[in-house]
Amino acid sequence: MSNAANPVPDQPSFPMNVSVPEARAMLLALLPQPEAETVPVGEAAGRFLAGDLAALVNHPSATESALDGIACREADTLGAAPLSPVRLKVLGESRAGLPYPGTVGAGECVRIYTGAPIPEGTDAICPVEQLEDAGPDAVRLLRPASSGDVRPEGGDFAKGEVVLHAGVRLTPSRLALAVSLGHARVSVRRRLRVALLSTGDEVREPGSVLEPGQVYDSNRYGLAAMIREAGAEVLDLGHAPDSPERLAELIDGAGGADALITSGGVSMGKYDFMRDLLLSQGRVSFWKVRLRPGGPAMLGGWRGLPVFGLPGNPVSSLVVFQVIVRPALTGEAPFTLRLRAATPFRALSDKVAYWRGTIAGGTVSDYGKQGSGVLRSLSDAGALVIVPEGEPVAVGDEVDVMLF
């Protein structure tokens, strides 16, 4: 197996052709455990909680109305109907931030608005749609009031209750929830700092004139966006030509990074210098993963820096990041849907396949063009259909689907 163009030893000391779960676990083991830092809640969007968040207050903070209408005693309204309405005296109103201060007795009510505390003595709400005015200080109810439209104090969460758990990402809805819990500052994991480097003599910056055989550096821009979406910071090392010396020089510039992601240079070719550099001067944890697209991925290290080498083909590069690297950076398992196949999906005998698919009407169909260089397929298809080794999917079968 070893020759001038391929320096891989005949009996490598590192694993070859690892599974996807093994690749994820091995990468995760090399990443540093992120430290915690406390930030204002307004700066915590997209961050991962470093500890549990408990409620500092009850929510709602008082027993309140879920509707606009009147608050009254349910027992006073049991016979209300359009042909036999019940008349109640209106004492005043209760609105959010300005509750009614008194007590409501038999035959009485208070006008109330959504989110307002219900007055003492009341236990039910009749919506405004079921009311008729009966003068300046009275209403007629066309149906009984309901206690089901009363929100109990602490019904959403109670003071002291753990509501958000360590490790969850603060999505917009969770960020809003953290504020509702009463937190002005939150403890979050420090963002991992990920260096990014693309390789290859054929790669050019966007906007430049392409010669035949050259390509724009789509991997670097796509991967940078994916790294940020995974909650990490990007240290952009730019682009390295097919030169071991220049490659090593640029990698050495990744000071302060927690990990390095590269694209290109890890396959079987003569000019796959990223592979050669890790083999000869760095460390290799594994080479090749049993998946398609993206099999020739490599994990290793360079002077203490974890390095994950992605394939150069654009689809392979982005898919491997989504399937292996992103879960390791976020600590979140890939989110999958279980859908029925509208078309068959073929299986590979020795690796799991991530075929591009399109979702419509609750089913998923084969996108068709599955080549590793068909970058538009990821945009057009929007989903990866996971076909296990040796298990073809027939029409009507259920299959796991990862949104992309």
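Arg326 is buried, with a relative accessible area of 14%, where buried stands for under 20% relative accessible area, exposed for over 50% and partly exposed for what lies in between (1.4 Å probe, protein chains only). This is a predicted model, in which local features need pLDDT of at least 70 and side-chain atom pairs count only at pLDDT 80 or more, while totals for chains, interfaces and linings use all residues. Residues are numbered from 1 along each chain as its sequence is written, and side-chain values use heavy atoms, with hydrogens and water left out.

**Salt bridges around Arg326**

- Arg326 and Glu229 meet through their side chains in a salt bridge of 3.0 Å, N to O, a salt bridge being a side-chain nitrogen of Lys or Arg within 4 Å of a carboxyl oxygen of Asp or Glu.
- The pair links distant parts of the chain, since Glu229 belongs to helix H3 (residues 218–229) and Arg326 to helix H6 (residues 314–330), 97 residues apart; helices (H or I, at least four residues) and strands (E, at least two) are DSSP runs, numbered from the N terminus.
- Glu229 is partly exposed, with a relative accessible area of 42%.
- Arg326 also forms a salt bridge with Glu332, with the closest N and O atoms 3.7 Å apart, and Glu332 is partly exposed at 24% relative accessible area.

**Other salt bridges**

- Arg338 and Asp400 form a salt bridge through their side chains (3.2 Å, N to O).
- Because Arg338 lies in strand S23 (residues 336–341) and Asp400 in strand S27 (residues 398–403), this pair ties together parts that are 62 residues apart in sequence.
- Asp400 counts as partly exposed, at 29% relative accessibility.
- Over the whole structure, a search finds 21 salt bridges.

**The chain as a whole**

- The protein chain has seven helices and 27 strands.
- Its radius of gyration is 30 Å, well over the 22 Å that the globule rule gives for 404 residues, so the chain is more spread out than a compact globule; the radius is taken over C-alpha atoms, and the rule is 2.2 Å times the number of residues to the power 0.38.
- Along the principal axes, the C-alpha atoms of the protein chain fill a box of roughly 95 × 50 × 45 Å.
- Of the 404 residues, 44% count as buried.
- Among contacts (heavy atoms within 4.5 Å) with a separation of 6 or more, residues 24 or more positions apart account for 67%.
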